[in-house]
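Let's take a walk through this model together, going from one contact to the next. Have the sequence and the coordinates open as you read.

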Amino acid sequence: MKFPMLWAVLVGLAGLSAHGDEYELYLLAGQSNMDGRGKAAKLSATQKKPIRNAIIFYRNPPTTTEGWKPLAPGFSVPPRFKGDLPSPTFGPELGFVTTLTESQPGRKFALIKGSKGGSSLRVDWNPGEAGKPETQGPRYRDMIETMAQARAALKNDGHTAILRGMIWHQGESDAKQSTENHEARLKRLIARIREDTGAPHLPVVLGQVVDNGKRDRVRAAILNASKADPLVGFVSSEGTTTWDEGTHFDAGSQLVLGERFAEEMLQLLDGANK
């Protein structure tokens, strides 16, 4: 049974320019490890270059790309950073797109990234009710606004996009919540994202937070939520390393995490199209 994963509207069909491109679109959302604390200075010269076949629309209010930009390191806002983009850090997007490209050469990729360090699912990412922003947490509202802005900008540029999936990495701020509550909130978030994008079968991959001895409940919730839905995948943090004491992935592990997100996403897409 095939699910093409269209965005709510296949953007840009009206008035499409002769040079418009079609993009495989992915949503990236979560807190600091999705925003990214990997240090770009640790990357090779090649890894620091923009990825030719990928663009990104990034928003971490008040910081924004204010349009689509070539994907490269620096779409992240680390603590105390006051400058302009690109910043000195990056998230899983680099490893994610690099791995997708290796599996799907010739395709173009567009990423909508909305992320905020220290944000919780309990409050900040609470999806509330459809069409009622007053019931939604500030980060969820930001993400809905970001998707609308990105879609409009892509259409204005004469391009189309097919929504393929979403990757999510968050949980450190909810470590004190019960496993049952966090699992229920994750399921609710996924259901609402699917509702708001008009993609009821949207594949979603959940990333596991680092085990620092105090996150057993939230780690279990993330795994449980992935097992409850055949179109929800799971990415383990096992074998990764952090540059601080057990929270933020270092540059190498951010790349590994992105690779794992892509591999799991490709498996979900393959399964959905059979």
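Start with K113 and E93, both of which are buried; buried here stands for under 20% relative accessible area, exposed for over 50%, and partly exposed for anything in between, using a 1.4 Å probe and protein chains only. Before going further, keep in mind that this is a predicted model, where local features need pLDDT of at least 70, side-chain atom pairs count only at pLDDT 80 or more, and totals for chains, interfaces and linings use all residues. Residues are numbered from 1 along each chain as its sequence is written, and side-chain values use heavy atoms, with hydrogens and water left out.

Back to our pair: K113 and E93 make a salt bridge, with 3.0 Å between the closest N and O atoms. K113 sits in strand β7 and E93 in helix α2 (residues 93-103), so the contact ties together parts that are 20 residues apart in sequence. The element names come from DSSP runs numbered from the N terminus: helices are H or I runs of at least four residues, strands are E runs of at least two. As for the salt bridge, the term asks for a side-chain nitrogen of Lys or Arg within 4 Å of a carboxyl oxygen of Asp or Glu. Side chains of opposite charge can pair when their charged atoms come close.

How many salt bridges does the structure hold? There are twelve. One of them joins D35 and R37, at 2.8 Å from N to O, and both of these residues are buried. Elsewhere, E24, R107 and R164 are linked in a network of salt bridges.

R59 brings us to another one: it forms a salt bridge with E145, with the closest N and O atoms 3.2 Å apart. This pair links distant parts of the chain, since R59 is in strand β3 and E145 is in helix α3 (residues 138-156), 86 residues apart. Are the two partners buried or exposed? R59 counts as buried because its relative accessibility is 14%, while E145, at 39%, counts as partly exposed.

β3 covers residues 54-60, and seven of its seven residues are buried. In a regular strand the side chains alternate between the two faces of the sheet. Both faces of β3 are covered, with A54, I56, Y58 and N60 on one side and I55, F57 and R59 on the other, all buried.

Which strands pair with β3? Pairing here takes at least two bridges found by DSSP between two strands. With β7 (residues 108-115), β3 pairs in the parallel sense over six bridges, and the bridge partner of I56 there is L111. With β5 (residues 69-70), the sense is antiparallel and there are two bridges; I55 stands opposite P70. Strand β4 (residues 63-64) also runs antiparallel to β3, joined to it by two bridges, and R59 stands opposite T64.

β3 and β4 form a hairpin with two residues between them. P62 is found in that loop between β3 and β4, and the peptide bond from P61 to P62 is cis, with omega near 10°.

E66, in the loop between β4 and β5, has phi near 55°, a positive value in a residue other than glycine. E66 is exposed, with a relative accessible area of 71%. R80, in the loop between β5 and β6, is not a glycine either, yet has a positive phi of about 70°. R80 is exposed as well, at 76% relative accessible area.

Last stop: the largest pocket, with a volume of about 210 Å³. On a 1 Å grid over the protein atoms alone, a pocket is an open set of points with protein on both sides within 12 Å along at least five of seven lines, and lining residues have an atom within 4 Å of a point. Grid points are joined across faces, edges and corners, and the volume is the space filled by probe spheres set on them. The lining includes T46, K49, L94, T98 and E259. α2 gives the most to this lining, with three residues.

Note on methods
On a 1 Å grid over the protein atoms alone, a cavity is a set of points where a 1.4 Å probe fits but cannot get out, and a pocket is an open set with protein on both sides within 12 Å along at least five of seven lines; lining residues have an atom within 4 Å of a point.
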